[in-house]
Protein chains: 4
Amino acid sequence: MFEPRNPHYAEHTLAAFKRQNFSDLIGLQVDQISPGKVILSLPFDARLTQQHGFLHAGVTTTGMDNACGFAAFSLMPENWGVLTVEFKTTLMAPAAGERFTYVAEVIKPGRTLSYVEAKAYACQDEETKLIASMSATMMCISQRPDIKG
Amino acid sequence: MFEPRNPHYAEHTLAAFKRQNFSDLIGLQVDQISPGKVILSLPFDARLTQQHGFLHAGVTTTGMDNACGFAAFSLMPENWGVLTVEFKTTLMAPAAGERFTYVAEVIKPGRTLSYVEAKAYACQDEETKLIASMSATMMCISQRPDIKG
Amino acid sequence: MFEPRNPHYAEHTLAAFKRQNFSDLIGLQVDQISPGKVILSLPFDARLTQQHGFLHAGVTTTGMDNACGFAAFSLMPENWGVLTVEFKTTLMAPAAGERFTYVAEVIKPGRTLSYVEAKAYACQDEETKLIASMSATMMCISQRPDIKG
Amino acid sequence: MFEPRNPHYAEHTLAAFKRQNFSDLIGLQVDQISPGKVILSLPFDARLTQQHGFLHAGVTTTGMDNACGFAAFSLMPENWGVLTVEFKTTLMAPAAGERFTYVAEVIKPGRTLSYVEAKAYACQDEETKLIASMSATMMCISQRPDIKG
């Protein structure tokens with residue numbers, strides 16, 4: 001759908017993801033990287049729960065924020081970086097399940113700002129349920145040595 | 001400012017917080033619980049960073065979401081629970097510092113929905129910097145055995 | 001896709017819309033009412049512009065908020081009312097065109113809260129362009145004499 | 001609090017406001033323009049209501065969006081323009097009253113993006129009630145002939 005400006009977008013996106021200690025800590029994994037679309041997933045882990053035993057909203061947000069950020073990043077020129085400006089998370093159902101999937105798609109890429117939407121799903125026994133959505137603004141950053149990838 | 005409806009609001013809020021495995025994992029701590037106002041904090045931890053070495057937006061969001069949720073919870077009747085409906089996070093500056101503080105205040109408590117705002121600060125060498133804000137809708141839940149606290 | 005609980009949902013939604021003086025003032029029209037989906041539209045009108053000659057963001061928001069509210073309302077029981085809890089509007093392109101269309105779809109209907117998404121489009125010379133998006137929380141209200149429809 | 005970069009910020013902000021046909025149509029007025037803070041107000045007008053007789057959420061949003069945009073504009077260099085990137089509106093109480101006030105303050109001004117917050121109040125018989133809040137991202141635009149003020 002979108003034409004990537006960085007021919008190495010897939011490996012650069014994966015390399016940026018792998019430099020995230022927090023994603024490693026919570027067990028977030030990359031399922032798919034396409035130009036403008038990223039899918040991440042996470043197995044249930046009891047260390048990640050809130051007081052009712054569901055996955056914490058902060059974990060669901062981390063999965064969608066990462067998927068949105070890397071979806072925007074996949075369309076950026078080489079050597080640019082991505083920063084989250086803001087996002088809104090809506091929680092539609094408790095995050096209960098064996099595995100969670102975060103699907104983000106760039107709706108409007110831009111030179112400075114990109115608008116990205118994501119959905120989060122809980123999977124249990126072959127059944128998939130929509131549990132949350134995100135609407136996010138991502139910013140392209142160039143020529144800042146502290147912000148790469 | 002607000003009159004709590006649960007005389008044990010402080011200990012019940014703390015008990016709900018302590019049942020959050022995820023807050024324990026990331027090192028989130030309770031600094032203050034007042035009726036309608038909660039302050040949490042977190043020391044820097046390299047396990048919580050994104051690809052540029054700053055604290056991940058998901059951690060900043062977790063701190064503010066928890067502060068907002070427990071601020072709303074502190075005003076609820078005994079034996080009710082709180083669920084996050086939605087929040088918007090705006091990231092104003094990179095989460096760089098030794099310690100991070102999350103301050104939430106209920107702006108409009110309601111029978112079903114409460115509107116809560118939070119700010120996140122990074123602290124380094126006696127200096128405090130505003131790094132993020134949250135605008136959140138929290139829902140009171142009664143009589144659901146799976147949602148208590 | 002959704003089963004309406006009010007057999008007269010279409011005429012009741014239209015009647016509620018027609019009681020909106022503000023929609024009449026700005027020239028908003030109903031194009032489609034289906035269970036959980038509403039499309040509204042508006043011809044360009046120079047009275048509705050901001051300082052750069054584009055349609056004001058408040059008009060774009062009104063179109064999407066109305067479409068979201070009535071999409072939620074179309075799935076509610078008879079004699080209930082709908083109130084907007086909150087929405088986020090993202091403006092992706094200037095609202096320039098001959099005509100504007102607002103398409104809203106309920107993503108997750110609920111007993112108390114419904115989550116609805118909308119997109120706004122500008123139409124000019126057979127071309128349609130995405131200009132804005134909305135992510136909204138709507139609330140069902142029963143048994144309040146001041147909130148009907 | 002903030003130092004304006006445009007010595008004529010007040011008259012330029014007022015001039016930009018006066019070029020908004022939509023603000024004129026709905027009766028929006030300027031009460032105060034300070035560096036980074038703008039207050040607008042609006043008398044009740046039956047043409048602006050939704051189906052329950054309250055002011056339409058689109059009107060409340062227009063008042064807060066304008067206040068936020070001009071608060072950001074008041075801190076920009078001369079000859080720059082402002083565009084709304086996104087905002088979130090939370091509606092806390094019905095917009096019922098004789099007069100409505102919209103108070104916006106820049107929280108974090110930036111070279112490209114500014115973060116601004118607003119509150120909306122309804123006034124009736126000397127009583128003032130908080131009815132809505134906004135959290136907004138505004139963008140500075142330079143050197144685009146179609147975006148000035």
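**Ground rules.** Residues count from 1 along each chain as its sequence is written, and chains are lettered from A in the order in which they are written. Because the model is predicted, local features need pLDDT of at least 70 and side-chain atom pairs count only at pLDDT 80 or more, while totals for chains, interfaces and linings use all residues.

I looked up the contacts first, taking two residues as touching if their C-beta atoms, placed from the backbone, lie within 7 Å. On that basis 31 residues of chain B meet 31 residues of chain A. Helix H2 (21–26), helix H3 (57–73) and strand E3 (81–91) of chain B each give at least two residues to chain B's side; helices (H or I, at least four residues) and strands (E, at least two) are DSSP runs, numbered from the N terminus. The largest share, eight residues, comes from E3(B).

**Entry 2, the strand pair.** What joins E3 of chain A to E3(B)? I found antiparallel pairing over five bridges, where pairing requires at least two DSSP bridges between the strands. A:Phe87 stands opposite B:Thr89, and A:Thr90 faces B:Glu86.

Chain A superposes on chain C by a rotation of 180 degrees with 0.0 Å of shift along the axis (RMSD 0.0 Å), fitted by least squares on C-alpha atoms of residues with pLDDT of at least 70 in both. That is a two-fold axis relation.
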